[in-house]
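Thanks, everyone. I'll take you through a few spots in this structure, one at a time. Please keep the view open as we go.

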Amino acid sequence: MTDELSNLAPLALLRQQSWLSPAFPTGSYSYSHGIEWAAEAGQVHNRESLVDWLEADLRYGSGRNETIFFSQAWGAATDEDHERLFEIAELAAAFRGTSEFALESSQQASACLSTLLRVWPDVALEKLSASLSERRVPPAMAVLLGVRAARQGISRALALPAFLQSCLANLITACVRLIPLGQTDGQLAIADLEESVLAASAQASDWTIDDLGSAGFMVDFASMSHEIQYTRLFRS
């Protein structure tokens, strides 16, 4: 184990667990990222199809972009480059394929930012919040948590995979209700995705903003279809 991975302070670990906990008040339980439509359409119907769907999104779709935004925000915060950080945040806010994805991102991130500033205040996050508010740009979760992890001294090698696994776990929890999927299969799905999370996190060190892009068309189509879905449990 390298020093980068072994020198995480206990307080930093506790805080990261708090920020990624289901108890953190972002309202993530209200969103399925389009999977509600995929389940109704039979595209996602068991653990195997769910893992395939989430892995494709992580490797080629919006999940890949969130990986880049988190990594780049972490780097900008580490360098104390506030101008670059705002540019990353602005791009992250605009990089949403559908209106539901924009709502999902902005509402969860706004709740996250409000809680972070109140419970764990930080100068860099306050500056970013002021810039976003002044220019009426909604925040993005990946950017906020990338900044806060960097400011807490949590290495990117630890913070990024933890963030990605938390995002996937939220969607898997939704699918436990949607498919329905048993609790054990839900945990097996999280375990099945571990290698993909680590691979995406490792690649992120070589990615830049220029690498943003998505080939996850089915995920975007699911979101657009969800907007007119007749019966819905989730907001996206």
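His33 is buried, at a relative accessible area of 12%. That counts as buried because the value is under 20%. Keep in mind that this is a predicted model. Where does His33 lie? Look in the loop between helix 2 and helix 3, which spans 35-40. The backbone deserves a look there too. His33 has phi near 60°, a positive value in a residue other than glycine.

Now go to Arg136. Here phi is near 55°, again positive and again in a residue other than glycine. Arg136 sits in the loop between helix 8 (123-134) and helix 9. Is Arg136 buried or exposed? Arg136 is exposed, with 79% relative accessibility. The cut-off for that is over 50%.

Next, a peptide bond. From Ile179 to Pro180 the bond is cis, and omega is near -10°. Pro180 belongs to the loop that joins helix 10 to helix 11 (183-192).

Last, the inside. How many cavities of 30 Å³ or more does the structure hold? The count is 1. The volume of the largest cavity is about 50 Å³. Its lining is made by Gln16, Trp19, Leu20, Phe70, Leu145, Ala149, Ala159 and Phe163. Three elements, helix 2 (10-20), helix 9 (141-151) and helix 10 (156-178), each give two or more residues to that lining. Helix 2 supplies the largest share, 3 residues. By class, the lining has 7 nonpolar residues, 1 polar and no charged ones.

That's my tour. Over to you.

Terms used
Residues are numbered from 1 along each chain as its sequence is written. This is a predicted model: local features need pLDDT of at least 70, side-chain atom pairs count only at pLDDT 80 or more; totals for chains, interfaces and linings use all residues. Side-chain values use heavy atoms; hydrogens and water are left out. On a 1 Å grid over the protein atoms alone, a cavity is a set of points where a 1.4 Å probe fits but cannot get out, and a pocket is an open set with protein on both sides within 12 Å along at least five of seven lines; lining residues have an atom within 4 Å of a point. Grid points are joined across faces, edges and corners, and a volume is the space filled by probe spheres set on the points. Helices (H or I, at least four residues) and strands (E, at least two) are DSSP runs, numbered from the N terminus. Ala, Val, Leu, Ile, Met, Phe, Trp, Tyr, Cys and Pro count as nonpolar, Asp, Glu, Lys and Arg as charged, and the others, Gly among them, as polar. Buried means under 20% relative accessible area, exposed over 50%, partly exposed in between (1.4 Å probe, protein chains only).
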